[in-house]
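Open the model in your viewer and keep the selection tool ready. Each stop below tells you what to pick and what you will find.

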Amino acid sequence: MNNEIRSYKLVAIDAWHDGEGWYWNNQHEVEDGVCLADSTTPRQLFKFMRRNGWLTDYSKGRIRLDDCWPYLTIEDRNTGEPLLCLICEGEQ
């Protein structure tokens, strides 16, 4: 298992739905220099994000991770709305 550490920028996403899919309208930087190991699982990531105040306890069971390198997008599990995104720095 690859355990390389990478640096990410965390952004909050403002998105709109056109009836078929979600599109990013705007993004706002939340935190820069978030370090994660490549081996981090979605469950570990969500726990880390809750511990740092970027997700609330209310998010438990209500979000999912869309891993589309270099974007790790946290989405609403029911609607697919993108909420937050970790963008790997240097890979954009």
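This is a predicted model: local features need pLDDT of at least 70, side-chain atom pairs count only at pLDDT 80 or more; totals for chains, interfaces and linings use all residues.

Residues are numbered from 1 along each chain as its sequence is written, and side-chain values use heavy atoms, leaving out hydrogens and water.

**Stop 1: β5.** Select residues 82-88, which form β5. Strands here are DSSP runs of E, at least two residues long, and helices are runs of H or I, at least four long; both are numbered from the N terminus. 6 of the 7 residues of β5 are buried, so the strand is largely enclosed by the rest of the structure. Buried means under 20% relative accessible area with a 1.4 Å probe, protein chains only.

Strands pair if DSSP finds at least two bridges between them. β1 runs antiparallel to β5, joined by 5 bridges. Tyr8 stands opposite Cys88 there. β4 is also antiparallel to β5, again with 5 bridges. Here Tyr71 faces Ile87. In the hairpin of β4 and β5, find Gly80, with a positive phi near 80 degrees.

**Stop 2: β3 and β4.** Select 63-68 for β3; 6 bridges tie this strand to antiparallel β4. Asp67 has Leu72 as its bridge partner. A hairpin of 2 residues connects the strands. Pro70 sits in that loop. Check the peptide bond from Trp69 to Pro70: it is cis, with omega near 10 degrees.

**Stop 3: the core.** A nonpolar core is a set of buried Ala, Val, Leu, Ile, Met, Phe, Trp, Tyr and Cys residues joined through side-chain atoms within 4.5 Å. The largest has 15 residues; pick Tyr8, Leu10, Val34, Met49 and Leu86, which touch the most other members. β1, β2, α1, β4 and β5 each supply at least two residues. A second, separate core of 5 residues includes Val11, Ile13, Ala15 and Cys85.

**Stop 4: the pocket.** A pocket is an open set of points on a 1 Å grid over the protein atoms alone, where a 1.4 Å probe fits, with protein on both sides within 12 Å along at least five of seven lines; lining residues have an atom within 4 Å of a point. Select Tyr8, Leu36, Thr40, Pro42, Asp67 and Trp69, which are among the residues lining the largest pocket. Its space is about 190 Å³. β2, α1 and β3 each give two or more residues to the lining.

Definitions and conventions: Buried means under 20% relative accessible area, exposed over 50%, partly exposed in between (1.4 Å probe, protein chains only). Grid points are joined across faces, edges and corners, and a volume is the space filled by probe spheres set on the points.
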